[in-house]
Amino acid sequence: MPVYASTRGGAPSIRAAEAILTGIAPDGGLYVPEELVPFTLGEIEAMRDISYAEISARVLSKFLSDWDEAEILGLTREAYSAFPRGDAAPLRPIRSRLWAMELYHGPTLAFKDVALQLLPRLMAKSALMTGGAEERLILTATSGDTGKAALSGFCDVPGTRVCVFYPEGGTSEAQRLQMVTQRGGNMHVIAVKGDFDDAQTGVKRLFADKELRERLAAKGICLSSANSINLGRLAPQVAYYFRAYVRLLSTGALRMGEPLVFCVPSGNFGDILAGYYAMRLGLPVGRLICASNSNNVLHDFFRTGVYDAGRPLLKTASPSMDILVSSNLERLLYAVTNGDAARVASWMRDLRSDERRFEVGEEIRARLSAIFSGYWADEGETASAIERAYREYGYLCDPHTAVGLDCYEAYARDTGDGRPAVLVSTASPFKFASSVLGALDPGAASRLDDFECADALAERTGQTVPAAIGELKRLPVLHTAVCSPEDMKAALCRELFG
Ligand SMILES: *Cc1c(COP(=O)(O)O)cnc(C)c1O
């Protein structure tokens, strides 16, 4: 039962289990569902009083249509027990008709945990279904949060090794320490002298490297990915959009069928794409606001139809969004062209060319604008959103979420759209303590190191520093490898084969 096609049309369609194990398609495309059967409103309403794990299983079974739903539920129950009260997506009111969906209460304090606590279980099950008894090597590029979430999710999972490439100097200090202090016999962490795009391009190159694949295959190792290019990363993220909706139904904040607006701080475009899939699955979504930081390629794209990555990558206080090439946009383009793989492939060729840009034309741009709005916040706007959120609403948010808040407010001002809205809150403020304290009290932050900033932030706000941050200063650094973007293959082989 082939159900997943490559966005570039140059690879055969495969089953979900194979797509989860493979990650990226052999033609360089991403796997997309050939068909999604929407929920009825009645089925959505029936999600009102069930647990997060149960909603997740129902939504996942749309993507894993040849899997047994009761078995999926077993996996989601295990995965979401890593979250307080089994709830991966609690809602908190910010102000009238605006809620924060806090996806960051998992073990590594960023929303990546929602998918990465589950992905290892989906992979193990997929391996059973496809009969692959091989060892897996998970190769992952990270802009800061995916790396640690993958290391945590796969730590000591039998038959699996993980290698994470992160941009040296491109993450927050807490993000870096979370990765380089990771324990476990199956973990490799390598700094790349470059930015996230260099790391991501390098990882895509490793996937396409036949010689490497053969060398690994000779040792019984196959490659896979924990980035949101992997279907098994993306599909689990769809569930929380449903969860937010039915939560607001329960409290009476929404009527059944009433559209809900979502604002999503975006980088690689995985999180917001999951919102788009939720809409395709029948969820009444009023609008998807794509919030970018100063790396505002997506904003420009939604406004003009031109995707132009030919610009310098800027370092910001929201490093997990410091991305110029947003991989998952390719899946959206495939969907809005009704599966025109030839067109998608030609845009992706243009993007890889020296021009580093492609243009979708007015008709496609208009189709996208019917659903998406692009906004962006610069560094000053981000800092003042952190300060304003805390002063006006008593809401302490991290810089990524602050970008989202600023973008949401600009959108509401521009359009007058006062419909109920959910801001996707993607990381703990304590993971970015110096930026957050710096926004609240610039003088204090400049005198303190990152750990002191976390303590000062806790004291100032009456919150506690999460244990996962506090412990970082005591843990030994276990990973010190560094390489240039050209040498990622050699660095990987040194890690694996000595
Ligand atoms: C990864 C990440 C984002 C961006 O999500 P994408 O799926 O890459 O668009 C935003 N905020 C935080 C904290 C993240 O870790």
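Trainee: What does Arg356 count as, and at what relative accessibility?
Mentor: Arg356 counts as partly exposed because its relative accessibility is 32% (buried is under 20% relative accessible area, exposed over 50%, partly exposed in between, with a 1.4 Å probe and protein chains only). This is a predicted model, in which local features need pLDDT of at least 70 and side-chain atom pairs count only at pLDDT 80 or more, while totals for chains, interfaces and linings use all residues. Residues are numbered from 1 along each chain as its sequence is written, and side-chain values use heavy atoms, with hydrogens and water left out.

Trainee: Where is Arg356 found?
Mentor: Arg356 is in the loop between α15 and β12 (357-359); helices (H or I, at least four residues) and strands (E, at least two) are DSSP runs numbered from the N terminus. Its phi is near 55°, a positive value in a residue other than glycine. Most residues other than glycine have a negative phi.

Trainee: And what is the phi of Arg85?
Mentor: For Arg85, phi is near 55°, again a positive value in a non-glycine residue. Arg85 sits in the loop between α4 (69-80) and β3 (91-95), and it counts as exposed because its relative accessibility is 80%.

Trainee: Changing topic, what is the volume of the largest pocket?
Mentor: The volume is about 830 Å³, taken as the space filled by probe spheres set on grid points joined across faces, edges and corners. A pocket is an open set of points on a 1 Å grid over the protein atoms alone, where a 1.4 Å probe fits, with protein on both sides within 12 Å along at least five of seven lines; lining residues have an atom within 4 Å of a point. Of the 33 lining residues, Arg8, Gln200, Thr201, Lys204 and Arg352 are the closest to the centre of this pocket.

Trainee: Which element gives the most to the lining?
Mentor: That is α9, with nine residues.

Trainee: Where does Asp209 lie?
Mentor: Asp209 lies in the loop between α9 (196-208) and α10 (210-218), and it counts as buried because its relative accessibility is 18%.

Trainee: Last one: which residues are buried in helix α16?
Mentor: In α16 (residues 362-369), Ile364, Arg365 and Leu368 are buried. Seen down the helix axis, the buried residues of α16 fall within an arc of 100°, so they line one face; the arc is that of the directions from the axis to the C-beta atoms. On the other side of α16, Glu362 and Glu363 are exposed.
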